Amino acid sequence: MQHRPIGDPVRPLGTARAHPVEPAGPEPGQVDPAVLSALLDRHGWERRGGAAGRYARWTLPGPGTRTSLLVPETRAFPDAEELLGEVLVALERSGTPAAREVLVALAVPSDEIRWWRDVPTGPAGASAWVVEEQLRSAARRMLLAGALAARGRAGYYGARHRRPAAAALEQVLVQAAPGGRRLTAFVPVTAGRSLAVRLHQALYAVREAIDYRRATGGMDAFDAAVEAGVSHELTEALVALVRGTEGARVGVAWAPAAGVPEECTDGDDPVEFSPGDLDILRAAGTRYLHAEPAVFVRVTGTVVRLARTGPRGEGTVRLRVIAGAEVPHVRMTLDEEAYRIAGHAHLVGLPIRVHGRLESRGGFRRLTGASGVVPVQVDEAERDRLMKSLQENLDFFEEACAGDD
């Protein structure tokens, strides 16, 4: 079976330069006419007659439009698959953003998250790429906030859950409109629906919290909004989206092939934010940052750096976390005996276990009050891997033996 690549500038989220992505194009036999019609309507195509109950003709509005699509109402007619094939070819040849967006949504059933920024118009062609990169950066931060909220609720995540949340964005594709004022992210239903649902609910919750703050002067609604997915990370993303604009909107459209999630409703208007919301958003972000408590943890990890200023006394240790905390690395200060244990465990290829308080200050990257440092036994394969890592990074560990005579 041959697949047609989808036409050009759909890009992975977060790439700094053009890097075309070519998901396999849909085959006519895989296309549901009802889904195709819903996507055409969503992306600006207009229905212009056709045989009722049999076919519909779709065109793009505006002068000079040549592409006309004849879409069967169902697959029940003998020529339905042939017509669907002609529609796919016409969309590929069209080259318009509206055609590419439909093809991407057909190829990978996706919920669509859309951003609009009302940016003041400058001289013709002036710094359009800067406007697009600002929008792309704000959109990525917002999707990351949604991915973090899908893994658990917190007012401030810092480094927690950061790695799996970032990995959840790898399959998200984006389509930017000319001028950098509109962006659409295609979030695959199979891998990212929880992200889209959480972000949809969080956006409405933060809008309600802002309105409550304006009406009453209180910030209490932001505390309750954490349960809906609102966080420091989301408020910072909204600040980045709105700053420098006359207003911005964010909307979610659910994949027609998958239907509307139970937790949400269809046809909701985009959520609007204005420059007048910035001070409240900043205040909420600061509130979340300071209110998130430290966490008591028992961390198991491998030592990747040891350092102290002299041959004896306390020293600083950095661990690559294996278990016990949703962060990739933590730093801690250990007394002389605990530092010696950490150095010995590293030299023989063993991780250590330590109790402590994971501090929110610094992004949950520092463990304070570290105690109970003990080496942990591992199987031979894991031990060999750790020893290989030591040999490849000897320059990091010159302090490991200091004072151990």
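Which strands does helix α1 (residues 33–42) lie across? Helix α1 lies across β3 and β4, and runs at about 145° to β4.

## Before we dig in

This is a predicted model, where local features need pLDDT of at least 70, side-chain atom pairs count only at pLDDT 80 or more, and totals for chains, interfaces and linings use all residues. Residues are numbered from 1 along each chain as its sequence is written, and side-chain values use heavy atoms, with hydrogens and water left out.

Helices (H or I, at least four residues) and strands (E, at least two) are DSSP runs, numbered from the N terminus. Axes are lines fitted to C-alpha atoms, for helices over the stretch in contact, with angles from 0 to 180 degrees between N-to-C directions.

## The sheet

Three strands make an open, antiparallel sheet, ordered β2-β3-β4. Strands pair if DSSP finds at least two bridges between them. At the edges sit β2 (46–47) and β4 (68–72), each pairing on one side only.

β2 is joined to β3 (residues 55–59) by 2 bridges. If you look at E46, its bridge partner in β3 is T59.

## The helices

Helix α2 (residues 80–94) packs on the sheet too, touching β3 and β4 (contact means heavy atoms within 4.5 Å). Its direction makes about 150° with that of β4.

Where they meet, L88, L91, E92 and S94 in α2 touch A99, V102, L103 and L106 in α3.
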